[in-house]
Amino acid sequence: MEEPETSLRRSTRIKRPPRWYDDYVTSVALIANDDEPLCYQEAVQGSKSDKWKVAIKEEMMALGRNGTWDLVELPKGRKIVGCKWVFKVKRGVNDSEDRYKARLVAKGFSQKAGIDFHEIFSPVVKIVSIRIVLALVALLDLELWQLDVKTAFLHGDLDEEIYMEQLEGFVQHRNNKFVCRFKKSLYGLQQSPRQWYKKFDSFMLSQKYIRSEYDHCVYFKQLSNGMFIILVLYVDDMLLASKSIEEINRLKTQMARTFDMNDLGAARQILGMEIFRDRSNGKLWLSQQKYIEKILVRFGMNNVKPVSVPLASYFKLSSSVCPNTDEEKDYMSRIPYANVVGCLMYAMVCTRPDISHAVGVVSRYMVNPGKEHWSAVKWVLRYLRGTSSYCITYNKSSESVCGYVDSDFAGDLDKRRSTSGYVFTLAGGAIRWMSKLQNIVALSTTEAEYIVASHAYKEVVWLTG
């Protein structure tokens, strides 16, 4: 006797997100792009479906050229990973045309360590290395070119056996029981960044380039005429610097034979940092004005009154002003403190050494910030409101690295630790800086100075290399 089919009952409980999630949702909504579809159906049925269909077609052609997978029957006992289409509009620089990009991404979170992947670490170039190269470009009047690798992660070779479901919009109905067995890596797989780096590294070494021992994403080659060419790699973005434009063109031709490349011309932007040059006067500027303006708008600080210093002297921040009552904690839970400090950190790391100390202080209280800490953060934003156009300038003023070190004594009110600070310059502009608490409690001003001098000397060794 057949049992009657029963329909599944959906829960009638109203789902409410936790209160601390409200600010996160608001922050994300502020930076969401209405032009970017959230799923495949929205892309192909929306108002800009023609542009997205072209982007999807380009992605499928790239997958086909690379021979990314084969359709096979799923072996018994093996599991598959899912996949998803991701859509992104890359805004043009200096009124250039926007680029619509579609990416097929594997749901790598379902992979099992030791089965589906092993080694996953992939190095990226240090930002200080980028600044050093830009300083050399200004100092020696080098050509500076920018390249981008299309679908970089598709070039990596896989060592593991991984299966993926057929992708949305391209299911072959006659073989709907088949799955994709990877032959090449794909965006989203845990090991994809590592496999791409190994592929690119082997290519550069085959072209007689030398990998830097101090930064494994910096490659250089001595030319027969006594000059040199430098390449820096950040995932799929790269900068080429050389006195010889012929050597740059030769390397571009060699890479185009192996990888699908985008020639972006003279470098104008890298990692959100804008690059401006005045070759007639031998100057190069590195700016984050657009990024800073964006975060000021995002957090409603674009119309505030600016201030002249990064952090006022009357701010005496410590854990004693952290919230103690439930009312204070409830108030601070609605403040996007960590989001703001994270945005400030990126500006500080890239182009703004002037806010290093201020950001270092406010970041100590990320776990449980109070109203006084939040006031300090808003002060830093007010300082950026008046200095958003500040940038690092490199020129032909100095050919040697110059460094300055200093420390305070017992400046931390909680644990009485001192703060180390140093800055190194090349070609008239800062290339490396730091401001952070020391790991131990110094017993005197002299000891605090020795500690920072030790850290600075280690940095000198690295910079020299």
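On a 1 Å grid over the protein atoms alone, a pocket is an open set of points where a 1.4 Å probe fits, with protein on both sides within 12 Å along at least five of seven lines. Its volume is the space filled by probe spheres set on the points, which are joined across faces, edges and corners. This is a predicted model, so local features need pLDDT of at least 70 and side-chain atom pairs 80 or more, while totals for chains, interfaces and linings use all residues. Residues are numbered from 1 along each chain, and side-chain values use heavy atoms, leaving out hydrogens and water.

The second largest pocket comes out at about 550 Å³. Its lining (residues with an atom within 4 Å of a point) runs to 23 residues, with Ile132, Leu136, Leu463, Thr464 and Gly465 nearest the centre. Helix α4 (a DSSP run of H or I, at least four residues) gives the largest share, 4 residues.

So what does α4 look like? It has 14 residues and spans 20 Å from first C-alpha to last, close to the 20 Å expected at 1.5 Å a residue (1.5 Å times one less than the number of residues). It's mostly covered, too: 12 of the 14 are buried, meaning under 20% relative accessible area with a 1.4 Å probe and protein chains only. Ile132 is one of these buried residues. Just past the helix, Asp141 takes a positive phi of about 55 degrees.

As for disulfides (cysteine sulfur pairs within 2.5 Å), there are 0. For Cys217, the nearest cysteine sulfur, that of Cys350, is 16 Å off. Cys217 itself is buried, at 1% relative accessibility.

Technical notes. Helix = DSSP H or I, 4+ residues; strand = E, 2+ residues; numbered from the N terminus. Buried < 20%, exposed > 50% of the residue type's maximum accessible area, 1.4 Å probe, protein only.
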